[in-house]
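Please look over the structure shown here before reading the notes on its strands and backbone geometry.

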Amino acid sequence: MRRRALLRQVAGWSVVAVLAVGCGARIDPPAAQTVSQVGPGTAADTSQAAAGSTADTTADTAADTGAAPATGGAAAPAGGSAAAGSGTAAGAAAARPSTAAGSVTKSSGAGAQQSAGTKSGGAAAGAGGSAAGGSGGAAGGGTGPGAGVPPDAVKIGGASSQGVTDSEIRIGVLAPLSGAAGFLGELELDAVKAYLSDVNAKGGVRGRKYRIISADTRMESPTEATGARRLVEDDKVFGLIATFGDSLSPYAASRGIPTVTLGMLPPAHASRYPNVYPVGMNNVMSNAQMAYYLTKVANFPVKSAALIYETANVPWAPWAPYAKKAWEYFGIDVKSMDRFNISDGDCTQLVLKIRNLGVDFWQIAESLGWPLCQAAMARQNYTPKFGRGGPYTDDVNFVGQVGQASDGIYAMSNGVQIMKNKGQPWPFDPSGVAPSVDRFVNSMKQFSPKSADDIGLEGIWAQDFWTSAKLLDDAISRQVDAVTWKGVNGWIQSQKSWNGGLIAPANFDPKCKSGSAAWIFQFKWNGSRLVESDWQPYGGYKPFPDELKNFVMPGAGDCWLTAMADAELK
């Protein structure tokens with residue numbers, strides 16, 4: 001497995017060079033890959049899809065109704081496996097066998113990897129949120145045009161939007177599938193594949209099977225935007241699942257295509273992008289969460305801090321002043337805000353600066369290059385008085401690049417623990433159980449086994465992308481006539497506290513997008529490797545005080561993240 005191979009390369013601090021080389025150079029995007037998903041035990045057959053097989057839709061039409069002719073590449077009958085045809089404008093090359101979940105073909109199109117997924121048979125949830133254990137489709141599996149109409153169904157007549165035929169629904173996934181962060185992209189894609197394959201195995205959405213087409217972003221925001229355009233215009237996908245959500249949002253909004261994103265960057269929260277839905281935490285949220293924990297939960301007498309931001313892979317520099325205000329609300333003096341990109345290579349001078357400033361805490365993991373700084377701290381035998389941490393820490397493979405030097409780092413997640421305290425810190429169910437956690441684990445083991453080890457399951461990348469697929473499926477399963485962008489967007493935007501079962505409930509009202517809250521833990525060295533600590537001593541999910549929200553964005557209250565994004569994007 002790629003991420004295990006990366007760890008095997010670690011010897012001392014040699015990973016620093018690997019990381020710098022992996023993300024420092026820009027390479028032209030690779031040719032598309034298409035994964036045609038099939039059910040267990042069936043074989044996929046690939047064929048070339050004719051260019052232009054799906055009719056074009058104008059931007060005006062898409063933004064209004066999302067209607068497009070229900071045409072596309074070849075597909076299998078409703079009761080069988082998903083079609084093997086790639087459905088891309090460029091066509092597909094010969095297939096090579098993969099796992100039982102599908103086969104892989106390469107195309108010259110949008111860097112896409114296509115695969116199919118499956119529909120849950122859980123009972124429908126009410127309008128306020130979906131059931132934690134299922135996608136809200138028919139109790140009998142959701143197959144057939146008239147099966148199981150949910151109480152919050154959306155009925156829009158006419159033609160379905162692009163990417164929807166009588167037998168399939170195409171979903172585009174944008175993830176880093178190469179470079180230093182390629183192992184994270186594997187987790188993301190495998191998680192979407194697992195959820196949608198589980199849906200397909202239960203009959204699909206009224207007989208339609210999901211098919212995934214993915215594009216490699218190399219963990220670069222501009223590349224994600226390019227990939228989104230290709231997936232929509234060349235591969236005619238119905239919906240998008242992405243990591244960043246900043247550079248692609250203007251295009252996605254202009255087309256009206258439903259777009260679910262981890263939302264690492266604040267623009268995904270902007271009201272001007274009403275059809276972009278952040279499910280995770282952004283950089284301002286993570287700074288506020290850390291400051292809250294240190295001062296109000298741990299009760300550390302933190303008086304000063306330093307922040308890192310980056311301008312390359314996750315370019316959040318415009319939002320750093322808002323993060324600074326979040327620390328200042330808790331009475332913490334931010335003595336330094338410093339840019340550090342992976343391509344900078346050596347962090348020694350920055351570590352010396354922070355050490356000389358004598359800061360109490362360093363919010364270091366707000367740049368993908370933070371392991372370079374941790375390595376430099378270890379060489380100097382230095383750690384700030386109350387530690388260091390940040391959001392880019394949830395994957396133990398990434399944290400483990402510098403080995404024991406990461407002992408004690410404060411990490412963040414908006415998901416759940418798997419290896420211990422299964423389904424906690426948020427059970428998402430009044431009974432105290434977490435049925436979606438079982439479904440997540442089982443679907444990953446069945447359909448994406450190479451990413452279903454304990455490390456893969458516990459990471460934010462798999463959990464958030466599995467949840468993103470669930471959100472799209474929840475909305476699509478509510479469409480009882482035509483499956484349109486207008487109908488899916490309308491349903492998602494009506495969710496004020498959507499419960500995906502793995503992450504904290506989220507609000508998708510375009511004027512008040514919330515993302516999902518994070519919780520804090522530490523990685524501890526157990527003598528041989530890094531392991532997650534229990535969540536309990538760190539307080540679990542803690543809602544931000546209204547005073548904090550209004551301090552950062554006066555008068556915005558619960559809608560502070562959207563207000564912040566709107567203010568900065570004017």
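Predicted model: local features only at pLDDT ≥ 70, side-chain atom pairs only at ≥ 80, totals over all residues.

Residues are numbered from 1 along each chain as its sequence is written, and side-chain values use heavy atoms, with hydrogens and water left out.

- Strand β10 (residues 304–309) is largely enclosed by the rest of the structure, because five of its six residues are buried (under 20% relative accessible area, with exposed being over 50% and partly exposed in between, for a 1.4 Å probe and protein chains only).
- Strands here are DSSP runs of E with at least two residues, and helices are runs of H or I with at least four, numbered from the N terminus.
- β10 pairs in the parallel sense with β11 (residues 333–339) over six bridges, where pairing requires at least two DSSP bridges, and isoleucine 308 stands opposite aspartate 338 in β11.
- Three bridges join β10 to the parallel strand β12 (residues 361–363), with alanine 306 opposite tryptophan 362.
- Phenylalanine 361, which lies in β12, is buried at a relative accessible area of 0%.

**Backbone features**

- Glutamine 424 and proline 425 are joined by a cis peptide bond with omega of about 15°, and proline 425 lies in the loop between β14 (410–413) and α12 (435–447).
- Asparagine 421, in the loop between β14 and α12, has a positive phi of about 50° although it is not a glycine, and is partly exposed at 22%.
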